[in-house]
Amino acid sequence: MQYVDFGKTGVKVSRLGLGCMRLPAEEIDGKTIYDEDKGIALIQRAMDLGINYFDTAPYYCDKQSEIILGKALKGGRREKVYVSTKNPIENESGDDYEKRLENSLKNLGMTHIDFYHFWGISLNSFNEKVKAKDGPLVRAKKLKEQGVIKHISFSFHDSAAKEKEGQNLVEILNTSDGVMETLLCQYNLMDRGKEDGLALAHKMGLGTVVMGPIGGGRLGAPSKVIQDMLPGKVQSSAELALRFVLANPNVHIALSGMSSIEQLEENVRVTANAAPLSSDEIKQIEAMMKENERLAGLYCTGCNYCMPCPSGLNISALFKIMNYHRVYAITDYARQTYGQIGKLPWMKYENAGACTDCGECEPKCPQNIPIREQLKETHKVLG
């Protein structure tokens, strides 16, 4: 395993971290049941392979993740690793912030947290809640003085458009008064909008962790298109995705959610043994991704001028799923995602088969896309 200085925190961390949000589970009578013994075995195997950064959160794995991680680190293991968990900033109350911290400590069975995150904050929640008078940030500083929090951290999610989202991350960093010590944000081949933020965080001395290095599973699915970006030099799409993230000098840790020993050992193999990508290889990958993005834009730019759909379709979201198949050849992932439409809270819309052929959308499309025809194709291929 490779290790790196984690910004100015004074600790060395493994370049691969284990995200404990996809611990082993099985479906029983339509309900997801997390297997505590397998979860513990996965975490302890990760330690054996050299991983020393473990990330969890109160609501992961149906609220079981912190508990399973805590049990896995008993018996002298706790002192050998760094634990990251998160506080959902539900309001501006410092008292409530501390109560949520105490609950995480209880779940974990620990007396302190190494990297404690303001969880999934946006620029708006940072300004209005985190920095409120006598609020979470003030309380975090006090708890750090007491040794309950070792390092104050934040994870970033913002609902702004891609371009604005990256700017908002930069603004948080520039207005955080040097309090933040580590950053966790999304970054991968398909989501590079936060590169400027990562560069600034690194320059400021923050430890940087990226979640979704394999695109939440998208880039782990077999894809000749992706593997051919470096023909003959990678064994899988996941390997190329992980090596691309680790080649960024502003990234300290690639945090990957893994649910099996096989996934874990493959990612460790890549992290430990893969030669760094050269600047020419990175340019080659970037050029091909740019071309793929151009091709995806031909099918739909996501402007949403065609919305709303009277039949309840999210047209641009449907075409984005279709592009996983059509542009990136991640067909199995595209079909799996398509099958989740209407079943997940963030996918509460109809699939393409619900199109009634009314035609209201097409006159509004600035690209003159034959939307109804493409919706039919989408449902035929993915349905």
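Modeller: Gladly: a residue is called buried if its relative accessible area is under 20%, and please keep in mind throughout that this is a predicted model.

Colleague: Okay, then is Phe 6 buried or exposed, and what about Phe 115?

Modeller: Phe 6 is buried, and Phe 115 is buried as well. The two rings form an aromatic pair of the edge-to-face kind, with 5.1 Å from centre to centre and 80° between the planes. This pair links distant parts of the chain, since Phe 6 sits in the loop between β1 and β2 whereas Phe 115 belongs to strand β8, 109 residues apart.

Colleague: Why does the pair of Phe 6 and Tyr 53 count as edge-to-face?

Modeller: The planes of the two rings stand at 75°, and an angle over 60 degrees counts as edge-to-face; the ring centres are 5.8 Å apart. Here too distant parts of the chain are linked, with Phe 6 in the loop between β1 (3-5) and β2 (12-14) and Tyr 53 in strand β6 (residues 53-55), 47 residues apart. Tyr 53 is buried, like Phe 6.

Colleague: Which residues do the ring pairs link into a cluster?

Modeller: The cluster consists of Phe 6, Tyr 53, Tyr 82 and Phe 115, linked by ring pairs. For the model, the count of aromatic pairs comes to ten.

Colleague: Switching to the strands, what does the barrel look like?

Modeller: Eight strands make a closed barrel with parallel pairing, in the order β3-β6-β7-β8-β9-β10-β11-β12. On average, neighbouring strands of this sheet are turned by 25° against each other, with direction ignored.

Colleague: And how many bridges join β8 and β9?

Modeller: Strand β8 (residues 113-121) and strand β9 (residues 149-156) pair in the parallel sense over six bridges, and Tyr 116 stands opposite Ile 152 in β9. Helix α6 (residues 136-145) lies across β8 and β9, and runs at about 150° to β9.

Colleague: Last topic, the helices: how do α14 and α15 cross?

Modeller: The axes of helix α14 (residues 331-338) and helix α15 (residues 371-382) come within 9 Å and cross at roughly 105°. Angles of 65 to 115 degrees count as roughly perpendicular, and α14 and α15 are therefore roughly perpendicular to each other.

Colleague: Which residues make that contact?

Modeller: On the α14 side they are Ala 334, Arg 335 and Tyr 338, and on the α15 side Thr 378, His 379, Val 381 and Leu 382. These residues divide into four nonpolar, two polar and one charged.

Terms used
Residues numbered from 1 in each chain as written. Predicted model: local features only at pLDDT ≥ 70, side-chain atom pairs only at ≥ 80, totals over all residues. Heavy atoms only, no water. Axes fitted to C-alpha atoms, helices over the stretch in contact; angles between N-to-C directions. Helix = DSSP H or I, 4+ residues; strand = E, 2+ residues; numbered from the N terminus. Parallel < 35°, antiparallel > 145°, perpendicular 65-115°, else oblique. Contact = heavy atoms within 4.5 Å. Nonpolar A, V, L, I, M, F, W, Y, C, P; charged D, E, K, R; others polar. Pairing = 2+ DSSP bridges. Phe/Tyr/Trp six-rings, centres within 6.5 Å; stacked < 30°, edge-to-face > 60°. Buried < 20%, exposed > 50% of the residue type's maximum accessible area, 1.4 Å probe, protein only.
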